[in-house]
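The model is a predicted one.

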Amino acid sequence: MIFNPTPRPYWIFVLACLITFASGNAYSQPNKPNIIYIMADDLGYGDLGCFGQKLMKTPNIDKLASQGVLFTQAYAGGPVCTPSRSVLMTGLHNGHTPARDNIPHYHTYLQKDDVTLAETLKTVGYRTGGLGKWSLGDPGTAGDATNQGFDMWLGYQNQDHAHYYYPEYLDDSYRAENDFKLGLPGNTESREFYSHDLLTDRALQFIRDANQDLFFLYVAFTLPHFSSKKEDPDGLTVPTTEPYSNESWPEKAKKYASMVHMLDRDVGKIVDLVDRLGLSDQTLIVFTSDNGGHHDVWEGFDTSGPLRGFKRDLTEGGIRVPLIVRWPGTAPQGVISNEVIAFQDMHPTFAAIAGAQTPANLDGINISEALKGQKLSSGRPYLYWDYGHNRDQYNQAVRMGDWKGIRMGQGSKIALYDLTSDLGEEQDVAKKHPDIVQKIEAIMEEAFTPSSRYEVGRPYTGGPIWKKNK
């Protein structure tokens, strides 16, 4: 509360009360939903039962899909963690958003003039909470999640820190007395605190605490991302391989499946709590993944499903992601949508749904019609991605209608695919359609704005901030 020593005439106070009584509280209008955005890390397009997975069981996420809209053509912001999260938060596509690659971290963090989705929602009274992997700023920097619109953050603000499931601490905005860290001393000598469990507990706590307020909760889970080989030689860290311990699969496959199981279990906990609190009709829930699955996932799981490629690729397997929306009373149940949507659409869409002013010059479009199970009344000229800004030759991809063009390095020929007949991107038809290739090449030139943050070889002399703070 801010004390204002300047007295005001009594009639102004009375008038303000009458206006408030007549209009109702602008921050608690029933048509403004709570928003819960749950994002897995490196979950493949084919890893869920509702997207065709046969071996790993995901009953809670499958149930969520049966209660809402399942999108078959949803796209991440980028083929790896950081740019995808930057696109989601800023509403700018991969050629414009501040962070366009996983490296270099420190030069590409969000700055004060960057406007995030959380900041936009706060302008209309949303209580904002985030947890898991942030990737867009270390604690104490301008890009710190709590400097970018979040009232609460628990998890890993530095992306490299997120490779550890038994860390010595988590960044915690509730721990001002401990330099904003939740210390986990039990993980130094033994494995006592599995980070995913702590993230889930905080998500549930936030919902309980905020259930009488409008809230936005960004649940950026780290499962089923591979862990650091310093933590586990095989790159997967789990407290148990249940419920798959007795399967005849490779041990690494059991660990991955257990990660997907825990993810599914805790999505179920979040949805169940929303229902028990009577918030179902007031709450829009989105579940998705930040990019495609990892190439090292056991081939028996077919993590990319019918798509070609994996994380880091600009083929569909690297950027097309599972996405499910549940919005009882607003979105129909059990609908499969083929509408083309992308992460950059979330900022303008949630702003429109919340009645907030949308920042100018966003690349995303309002897809609220699609979230309601309807066809989009207006389209977009293209979708754009790139990867490799910290390298000499970055790669680019464009989707224009049902055409998909990919260029592997500047000056290289563009490969062209017709996604209506070639979802697996196996037949390059560029020679048959030079006019389409020319249009896509022009888009690639138009969509990319050079950024000084990605000067090749630009050194960062300060070292990893998260390690210095350990």
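In soluble globular proteins, nonpolar side chains tend to be buried together.

Ile36 illustrates how such a residue is surrounded: leaving aside neighbours within four places in sequence, Ile36 is in contact with Ile207, Phe215, Leu217, Val219, Ile270, Val274, Thr283, Leu284, Ile285 and Val286.

## Helix packing around α7

The axes of α6 and α7 come within 10 Å and cross at roughly 10°, and because angles under 35 degrees count as roughly parallel, α6 is described as roughly parallel to α7. On the α6 side the contact is made by His196, Asp197, Thr200, Ala203, Leu204, Ile207 and Arg208, while α7 contributes Met262, Leu263, Arg265, Asp266, Lys269, Ile270, Leu273 and Val274. By class, the contact of α6 with α7 has eight nonpolar, two polar and five charged residues.

Helix α2 also packs against α7, at an angle of about 50° and with the axes 7 Å apart, and the two helices are therefore oblique to each other. Here Pro59, Asn60, Ile61 and Leu64 in α2 meet Asp264, Arg265, Val267, Gly268 and Val271 in α7. The residues of this contact of α2 with α7 divide into five nonpolar, two polar and two charged.

## The enclosed helix α3

Helix α3 (residues 81-90) is largely enclosed by the rest of the structure, because 10 of its 10 residues are buried. The buried residues of α3 are Cys81, Thr82, Pro83, Ser84, Arg85, Ser86, Val87, Leu88, Met89 and Thr90, and what covers them includes β1, α4 (117-122), β3 (127-133), β7 and α9 (346-354). Just after α3, Gly91 takes a positive phi of about 75°.

## Two buried glutamines

Gln159 is placed in the loop between β4 (152-156) and β5 (169-172); with a relative accessible area of 5%, Gln159 is buried, since buried means under 20% relative accessible area. The side chain of Gln159 makes a polar contact of 2.5 Å with the side chain of Thr82 and another, of 3.0 Å, with the side chain of Ser135. Leaving aside neighbours within four places in sequence, the residues in contact with Gln159 are Cys81, Thr82, Asn102, His105, Lys133 and Ser135.

Gln344 lies in the loop between β11 (341-342) and α9, and at 4% relative accessibility Gln344 likewise counts as buried. Not counting residues up to four places away in sequence, Gln344 touches Val87, Gly91, Leu92, His93, Asp363, Gly364 and Leu383.

## Backbone features in the loops

Most residues other than glycine have a negative phi, and most peptide bonds are trans. Against that background, the peptide bond from Leu223 to Pro224 is cis, with omega near -5°, and the peptide bond from Glu242 to Pro243 is cis, with omega near 5°. Pro224 is found in the loop between β7 and α7, and Pro243 also has its place in the loop between β7 and α7.

Positive phi values occur at Asp302, where phi is near 50°, and at Arg312, where phi is about 85° although the residue is not a glycine. Asp302 lies in the loop between β8 and α8 (316-319), and Arg312 is likewise found in the loop between β8 and α8. Asp302 is partly exposed, with a relative accessible area of 44%, and Arg312 is partly exposed at 38%.

## Overall composition

The secondary structure of the protein comes to 12 helices and 15 strands, and buried residues make up 58% of its 470 residues. Among contacts between residues at least 6 apart in sequence, 68% join residues at least 24 apart.

How values were computed
Residues are numbered from 1 along each chain as its sequence is written. This is a predicted model: local features need pLDDT of at least 70, side-chain atom pairs count only at pLDDT 80 or more; totals for chains, interfaces and linings use all residues. Side-chain values use heavy atoms; hydrogens and water are left out. Helices (H or I, at least four residues) and strands (E, at least two) are DSSP runs, numbered from the N terminus. Buried means under 20% relative accessible area, exposed over 50%, partly exposed in between (1.4 Å probe, protein chains only). A polar contact is a pair of N or O atoms within 3.5 Å; within protein, one must be able to donate a hydrogen and the other to accept it, and residues adjacent in sequence count only if both atoms are side-chain atoms. Contact means heavy atoms within 4.5 Å. Axes are lines fitted to C-alpha atoms, for helices over the stretch in contact, and angles run from 0 to 180 degrees between N-to-C directions. Angles under 35 degrees count as roughly parallel, over 145 as roughly antiparallel, 65 to 115 as roughly perpendicular and the rest as oblique. Ala, Val, Leu, Ile, Met, Phe, Trp, Tyr, Cys and Pro count as nonpolar, Asp, Glu, Lys and Arg as charged, and the others, Gly among them, as polar.
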